[in-house]
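Subject: Structure for you to look over

Dear colleague,

I am handing over the structure below, and would be glad if you could read through it with my notes beside you. The notes follow after the display, grouped by topic.

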Amino acid sequence: MLPMDTPYALRIDGLCFAYPGGERVVDVRELRLGRGEQMLLTGGSGSGKSTLLHQIAGLEAPAEGHVEVAGRKIHQLHGAQRDRYRGR
């Protein structure tokens, strides 16, 4: 459940990720999804779809930028906080 004063369910700014020795597989300059909005993520094999979802889930840290869900920056959560986030 989102706090009432949070304008976005998902907010991404300047998110970049590359695997070691590889090219960028995630490069999202800006993405905003409000309450109840949905998004379709498409692309070929190896285009970064799963990696982007891992970033949103807090499973992988971005090289640059941040992911914010319900007003909380996911990669600033540590240990048990991140575990609770993923569990919800």
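To begin at the end of a helix, α1 is followed by Gly58, a residue whose phi is positive, near 80°. Please keep in mind throughout that this is a predicted model, and that what I describe is computed from it.

As to the overall layout, the protein chain has two helices and four strands, and its elements, taken from the N terminus on, run β-β-α-β-β-α. The C-alpha trace spans about 40 × 30 × 20 Å along its principal axes. A compact globule of 88 residues would have a radius of gyration near 12 Å, and the 13 Å of the protein chain agrees with this. Buried residues make up 34% of the 88 residues, and, of the contacts with a separation of 6 or more, 50% are accounted for by residues 24 or more positions apart.

The strands form an open sheet of four, in the order β2-β1-β3-β4 and with antiparallel pairing. Since β2 and β4 stand at the edges and each has a single partner strand, one side of each is left without a neighbour in the sheet.

Going through the pairings in turn, β1 and β2 pair in the antiparallel sense over eight bridges, and Leu10 has Leu33 as its bridge partner in β2. These two strands form a hairpin with five residues between them, and in its turn Gly21 has a positive phi of about 75°. Strand β1, which covers residues 10–18, is also joined to β3, residues 64–69, by five bridges, and these strands again run antiparallel. Strand β3 is in turn joined by two bridges to β4, residues 72–73, and the two run antiparallel; here Val69 stands opposite Arg72 in β4. The hairpin of β3 and β4 has two residues between the strands, and Ala70 takes a positive phi near 50° in it.

Which residues of helix α1 are buried? In this helix, which covers residues 49–57, they are Thr51, Leu52, Gln55 and Ile56. Seen down the axis of α1, these buried residues fall within an arc of 145°, so they line one face of the helix.

Turning to the side chains with rings, the count comes to one aromatic pair. The rings of Phe17 and Tyr19 have their centres 4.9 Å apart and their planes at 90°, so the pair is edge-to-face. Phe17 is buried, with a relative accessible area of 11%, whereas Tyr19, at 37% relative accessibility, counts as partly exposed. Elsewhere, Arg32 lies over the face of Tyr8, at 5.6 Å from the ring centre.

Finally, two loop residues deserve a note. Glu37 lies in the loop between β2 and α1 and, at 48% relative accessibility, counts as partly exposed, the cut-off for an exposed residue being over 50%. Computed along the chain and then through space, how far apart are Glu37 and Leu10, C-alpha to C-alpha, and what is the answer in each case? They are 27 residues apart in sequence and 9.6 Å apart in space. Gln76 has its place in the loop between β4 and α2 and is exposed, with a relative accessible area of 55%. Gln76 and Ala61 are 15 residues apart in sequence, and their C-alpha atoms are 9.7 Å apart in space.

Methods:
Residues are numbered from 1 along each chain as its sequence is written. This is a predicted model: local features need pLDDT of at least 70, side-chain atom pairs count only at pLDDT 80 or more; totals for chains, interfaces and linings use all residues. Side-chain values use heavy atoms; hydrogens and water are left out. Two strands pair if DSSP finds at least two bridges between them. Buried means under 20% relative accessible area, exposed over 50%, partly exposed in between (1.4 Å probe, protein chains only). The arc is that of the directions from the helix axis to the C-beta atoms. Rings of Phe, Tyr and Trp (its six-membered ring) pair if their centres lie within 6.5 Å; planes under 30 degrees apart count as stacked, over 60 as edge-to-face and the rest as tilted. A charge sits over a ring if NZ of Lys or CZ of Arg is within 6 Å of the ring centre and within 35 degrees of the ring normal. The radius of gyration is taken over C-alpha atoms; the globule rule is 2.2 Å times the number of residues to the power 0.38. Contact means heavy atoms within 4.5 Å.
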